[in-house]
Amino acid sequence: MSCSADTALLDIRGLKIHFRTEHGWLHAVDGVDLRMAPGEALCIVGESGSGKSVMAMSLSGLVRTPPGRVVGGRILWRGTDLLSLAPAELGQVRGREISMVFQEPMTALNPIYTIGEQIAEGLRLCDHVPRTQALARAADLLDKVGIPGASRRLHDYPHQFSGGMRQRVMIAIALARQPRLLIADEPTSALDVTVRAQIIDLLRKLQADMGMALMLITHAMDVVAQVAQRVAVMYAGRVVEAGPASAVLAHPQHPYTAALLRVARGRHVDAPPLRRLPVIPGIVPSLDPPKPGCAFAPRCGLAQPACHHAAPAWREVGRGHQVACILEEPLQ
Amino acid sequence: MTSSPLLSVRHLVKRFSLRRGLLRRPCADLHAVDDVSFDVDAGTTWGLVGESGCGKTTLARCVLRLLEPTSGQVLFDGRNIGALGPTARSALARDMQVIFQDPYGSLNPRMTAAEIVAEGLVIHGLARSAAAQARRVGELLELVGLSAEHACRFPHEFSGGQRQRIGIARALATQPRLIVCDEPVSALDVSVQAQIVNLLQDLQEELGVAYVFVSHDLPIVRHVSHRVAVMYLGRIVESATTADLFSHPRHPYTQALLAALPSGEGGARRSPVVLEETPAAGAATNQGCSFFQRCPRAVTGLCDARLPPCRHVGPGHQVACHLA
């Protein structure tokens, strides 16, 4: 599923985003390389503070400047560097070609407008679709995201919807202008377990039906297995492993990926009960300017002296499967 | 089973009045906890699972008497907590401690880790001298995997997992026999959750403390609990030993919760039971089963008309469902 530079929908190269704080610069994203093919489902996996959300927000130009600052790298969207575009040109891309669904469905909707108005807003303001047509299209979208009685519920307000239903509305808004890329940032974290699975199923179905690329940001490995064609694992502001989901899940090459999978497997309810849950020792690193060497080395059981000295180079370990780790032997 | 449980909850009810309008007139009652009974044996973990809004936190707070229940009894060691005077109740606070969900909001930012952990010792007069207190704080920090050098630091200098360890050390300070853990790991990263869960289990083995473990995370609850109860809209709909509940769930709601979990390597789910979403937690109790509207097996005329009684369906396995 790997694609070459000229066919890529999205090609991020060496992206660095730093934030200024009272205590100095935080290196939230610190050299991310990532590529997406059109129509591809990519999962970004990482713990809090790994930089996955900041990276995704920068694609839509949502990183507030200041305190944030893109200090290096390029974001090539169908060949054009988004970082070099004027605000008006960027506006053409974001919202239309790239849209986003956020984690928190409770606060992302405006409480004083009806759902229909909020879905139709983009169509009316940006595509100048007349009101009635825009509302008709909104009803179609609500239907598509699985809200029963769509044309009736168009006139309801956000507080009349449950969390899962609001997240469906958010997805409908994001789909309104038929984006080429939908970014979903932890879309199910705020939802109940019985509802989570439904939202994930919906996203997967929409991605396949509409031929749109999906970037799903998550920390749950089981979601990756259900959705992703490709997966990128982030740690401390960098991508440490990327490749086809089947290869990464079955044969993780980075010790961090392997550890995340071990933790996830230890929690399967079908697995025989374990006396102790598998853990990753240590703590998630702070975002202070990185020390030389691999950021995961302090928590890595396989770390060698060399790991603490120089940042590992990006290696190809299989078709479209890359890893940033110096250990050559396959991990099991 | 021991002869008498450490904690017994009998017919606990907590109602909140919903008020509306300019004069804030009571318009309806919200039954956050509705006729809940259960027992927790000494040294064991009683897991409570349910989705947000089902009343599990309210139940935990009623057990701790952080909230005054509307009716019902909480017996600790055979004594009715509600009937105790202030002195006896404060003595009881030594035996019942709590670990909160939010490791950021539950520690006073102006106190050092040592002061936070020592507070219980001071309140209950458990340290004879300043030196003894410092020694005990050091022991407690070490017990939860921190070191004595952390004692003088303030909460903001710790990560989420470390803060939760401080919260655990604080709870352990008075050598309680029961700790109510209200979502103790859900605010933490996956890799750190397992560290805290393992710590709680080690402490149980070492100190024989019992836990009421409230969580929405079924795999974690399965891992830590001896018995599990499933709560839905204020009622316990099923309770059983952990192995029994996860292998033979009887209530349709429990079955749906389990079906929503991924299983096996591929992350595929078992048989997906699709639940309709409820618009919001039901404000008023109807006379039928609270799960009626979402239940895939509901029988009209039975489930919406009569409240299902709690029935024994196996050894230690109770279900509140007409059809199970």
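How many helices and strands does chain A have? Chain A has ten helices and twelve strands, where helices (H or I, at least four residues) and strands (E, at least two) are DSSP runs numbered from the N terminus. The structure is a predicted model, in which local features need pLDDT of at least 70 and side-chain atom pairs count only at pLDDT 80 or more, while totals for chains, interfaces and linings use all residues. Residues are numbered from 1 along each chain as its sequence is written, and chains are lettered from A and ligands numbered from 1 in the order in which they are written.

The C-alpha trace of chain A spans about 65 × 50 × 40 Å along its principal axes. Of the 332 residues in chain A, 49% are buried. A residue is called buried if 20 or more other C-beta atoms lie within 10 Å of its own, exposed if 12 or fewer, and partly exposed in between, with C-beta atoms placed from the backbone. Among the contacts in chain A with a separation of 6 or more, 65% are between residues 24 or more positions apart; a contact requires C-beta atoms, placed from the backbone, within 7 Å.

Chain A contains an open sheet of eight strands in the order 6-7-8-3-9-10-12-11, with mixed pairing. Two strands pair if DSSP finds at least two bridges between them. Strand 6 (98-101) and strand 11 (315-318) of chain A each have a single partner strand and stand at the edges, so one side of each lacks a neighbour in the sheet. On average, neighbouring strands of this sheet are turned by 20 degrees against each other, direction ignored. Axes are lines fitted to C-alpha atoms, for helices over the stretch in contact, and angles run from 0 to 180 degrees between N-to-C directions.

Strand 8 (residues 213-218) of chain A is mostly covered, with six of its six residues buried. A213(A), M215(A) and I217(A) point one way from this strand, and L214(A), L216(A) and T218(A) point the other way. In a regular strand the side chains alternate between the two faces of the sheet. Strand 8 of chain A runs parallel to strand 3 of chain A, to which five bridges join it, and A41(A) stands opposite L214(A). Five bridges also join strand 8 of chain A to strand 7 (residues 181-185) of chain A, again in parallel; here L214(A) is the bridge partner of L182(A).

Strand 3 (residues 41-45) of chain A also pairs in the parallel sense with strand 9 (residues 230-235) of chain A, over four bridges. Helix 10 (residues 255-265) of chain A lies across strand 3, strand 9 and strand 10 (238-244) of chain A, at about 105 degrees to strand 9.

Chain B has nine helices and twelve strands, and 43% of its 324 residues are buried. Between the chains, 30 residues of chain A are in contact with 37 residues of chain B. Helix 7 of chain A gives the most to the side of chain A that touches chain B, with six residues.

Key: Two residues are in contact if their C-beta atoms, placed from the backbone, lie within 7 Å.
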